[in-house]
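Here is a short report on the pockets of this protein.

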Amino acid sequence: MPSGFRASVLRPALLALTFLTTFPFPVAMEIRDGEFARASGFYPLAGWAVGGLTAALLWLPLPIPVGVRAALVLAAWLAATGLLHFDGLVDSADAVFAMKSPERRLEILRDVHVGAFGLATGVLTLLVWWSLLASARPTDALLAAVAARTMLLAPMNVFPAARVESIGARSREGNWSVAVLLAAPALLLPGGPLAFVAALVAALLVARFCASRLGGGINGDVYGACVTVAELGVLLALQWGR
């Protein structure tokens, strides 16, 4: 295999998959300079992987109540991501809803403990997510996962990094052309264009609010919040659009 292909395609693609999912893909032992940024262009691949799993669970004719199926799909969704994005949402909520200075909010973001704001936000998010999955189509789940991870590149590159040396900061400036190419087949699914618009609006609104509370920048936790809220936004928009 040509070394140029490995460096520009295979390694960043695998990094995106191993960083954003818990699926057993081969792991790169050493992360080279600039690879996190290149990997962000391949985030839609993670969306296809997570969305494919959840769509399959929604499609299978399992002899269980609708609510139980929705809970199973939600559990699989969270497990497939290692709760990475959900954890970012909870941590972000603890920080941005605190009545503190921007500097103090950034300190709260680094705190691993969950506070009242994060707990309340997490519980409400899970309830909304579960209720939306109870009436979602398999393609809804697939679109939500792909569109959210594609449109994450917008806030990542529009808003500055809250901490320059963080992984989130090193993941900025992903290749939009690669992401669009990988996500393009999802536009052919029912509600595809609406899903990407909903994901973009949701991600930018979350990032804008968090940036206003954190002194102008956002970090990896906020990226996770953007993905989670964008997924919910897509599920909601697709059900409203039916």
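α13 (220-240) gives five residues to the lining of the largest pocket, the most of any element. Helices here are DSSP runs (H or I, at least four residues), numbered from the N terminus. α1 (3-20), α5 (84-96) and α10 (167-170) also give two or more residues to this lining. The lining holds 20 residues, and F19, L84, G220, D221 and Y223 are the closest to the pocket centre.

This is a predicted model: local features need pLDDT of at least 70, side-chain atom pairs count only at pLDDT 80 or more, and totals for chains, interfaces and linings use all residues. Residues are numbered from 1 along each chain as its sequence is written, and side-chain values use heavy atoms, without hydrogens and water.

A pocket is an open set of points on a 1 Å grid over the protein atoms alone, where a 1.4 Å probe fits, with protein on both sides within 12 Å along at least five of seven lines; lining residues have an atom within 4 Å of a point. Volume is the space filled by probe spheres set on the points, which are joined across faces, edges and corners.

| Pocket | Volume | Lining by class |
|---|---|---|
| Largest | about 340 Å³ | nine nonpolar, eight polar, three charged |

Nonpolar means Ala, Val, Leu, Ile, Met, Phe, Trp, Tyr, Cys and Pro; charged means Asp, Glu, Lys and Arg; the others, Gly among them, are polar.

Residues lining the second largest pocket include L89, F97, T121, F209 and V229. α5, α12 (192-213) and α13 each give two or more residues there. α5 gives the most, with four.
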